[in-house]
Amino acid sequence: MTEHVIDDLELYALGALGAPDADRVTAHLAACPACRGQLEDIATAVNALPDMVAPREPPAALRARILDAAAADGRPVAADATRRVSRWPTPTRAWVAIGVLAAAAVLLVALDLNSLRELRAAESERAEYALVLEKVSHGGKSWYMVGLDQWRGSGGTLIAPAKADVSAFVVFHDLHPLSAGALYAVWLVDADGHWVRAASFRPDGQPVQSVDLTVPVDVFAQCAVTIEMASEGKRSGPLVMQSQIAPPAR
C-alpha cells in the first residue's frame, strides 16, 4: 500500500486539491479504511462549521487578509522521505499551514452561505411586500389595531379589499415572539359580542408579516388579536390588539 494521505485530507474535503492530487487521494481512499475514517471525521467538521458562524457583515478587507495569511503560511514543506507506511505523521508546519488554509476556506464558505441566506430572506420579504401591494391596489377599507399594554409598539392593519375574490388580511408589524406552542389568534367580533376566529399564526420574525383571514369582515363590528395555546376553540388567552371595524349596530 502507498503512504497514507493524511496531509491532503483537509484540502480534499474542501475540494481545494488540484486534479492530479485529488485523483491520487481518491485512489488511495478506495483501498485504505484508515484514511477513509479520518476523512469522515474531517468532512463532518467541515460541513458543520458554516452553520456555527453567526451571520454578520464581514469587514471590507477580510477576504484579502485571510487569503494573504493563508498564502504566507501555506508554503510547501518537503515531505519526510524516511516516514514509514505504518506510522501516522506527527504534526508539522505543513499540517498547521493546511489547517490555517482549511479554516480560511471554511470561513469564506460560511460568509458566502450567510450572504446567500440573507439574499434569499430579502427576496422572500420583497415577494411578501409585492403580494400585499397587489392586494391593496384593489382598493377597499382598512382599520388599524393598536398593541395593548406590553404589546405597545406592535400593531396590525386589517384590510378588506374591494375585489370580491380577494380575502381580507392583516398586515402586522413588530410582532413579539411567542413561547413554544403559543399562537396569535385574529378574531372578528359581531355587534352581539360573538367572537369568531379568522386566523391563527406564529410570528415569522420579520418586521412585517401578512396574514390572510378565513372569514369576511363586512358583518363584524370589531377586530382583535389574542394569544392562544391552540389553533381552534374559544377565546381564552390575553388580548393584545383591538380596534373597531364598523359602527356598532343599534
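**Notebook: salt bridges and sheet**

I began with helix H2, where Asp 21 and Arg 24 both lie, three residues apart, or about one turn of the helix; helices here are DSSP runs of H or I with at least four residues, strands are runs of E with at least two, and both are numbered from the N terminus. I note that this is a predicted model, in which local features need pLDDT of at least 70 and side-chain atom pairs count only at pLDDT 80 or more, while totals for chains, interfaces and linings use all residues. Residues are numbered from 1 along each chain as its sequence is written, and side-chain values use heavy atoms, with hydrogens and water left out.

I then looked up the contact between these two side chains and found that Asp 21 and Arg 24 meet in a salt bridge, 3.3 Å from N to O, the term meaning a side-chain nitrogen of Lys or Arg within 4 Å of a carboxyl oxygen of Asp or Glu. Salt bridges with shared partners join Asp 8, Asp 21 and Arg 24 into one network. Searching the whole structure, I found two salt bridges. In the one between Arg 24 and Asp 8, the closest N and O atoms are 2.9 Å apart. That pair links distant parts of the chain, since Arg 24 sits in helix H2 (residues 19–31) and Asp 8 in helix H1, 16 residues apart.

Asp 8 is buried at 18%, whereas Arg 24 is partly exposed at 38% and Asp 21 is partly exposed at 35%. In helix H1 (residues 6–13), I listed Ile 6, Asp 8, Leu 9, Glu 10 and Leu 11 as buried. Gly 15, which follows H1, has a positive phi, near 70°.

I turned next to the sheet, which is open and has eight strands in the order S5-S4-S7-S8-S1-S2-S3-S6, with antiparallel pairing; two strands count as paired if DSSP finds at least two bridges between them. Strands S5 (195–201) and S6 (208–212) stand at the edges with a single partner strand each, so one side of each has no neighbour in the sheet. From one strand to the next the twist averages 25°, with axes being lines fitted to C-alpha atoms and angles running from 0 to 180 degrees between N-to-C directions.

Ala 224 has Gln 242 in S8 as its bridge partner.

Notes: Buried < 20%, exposed > 50% of the residue type's maximum accessible area, 1.4 Å probe, protein only.
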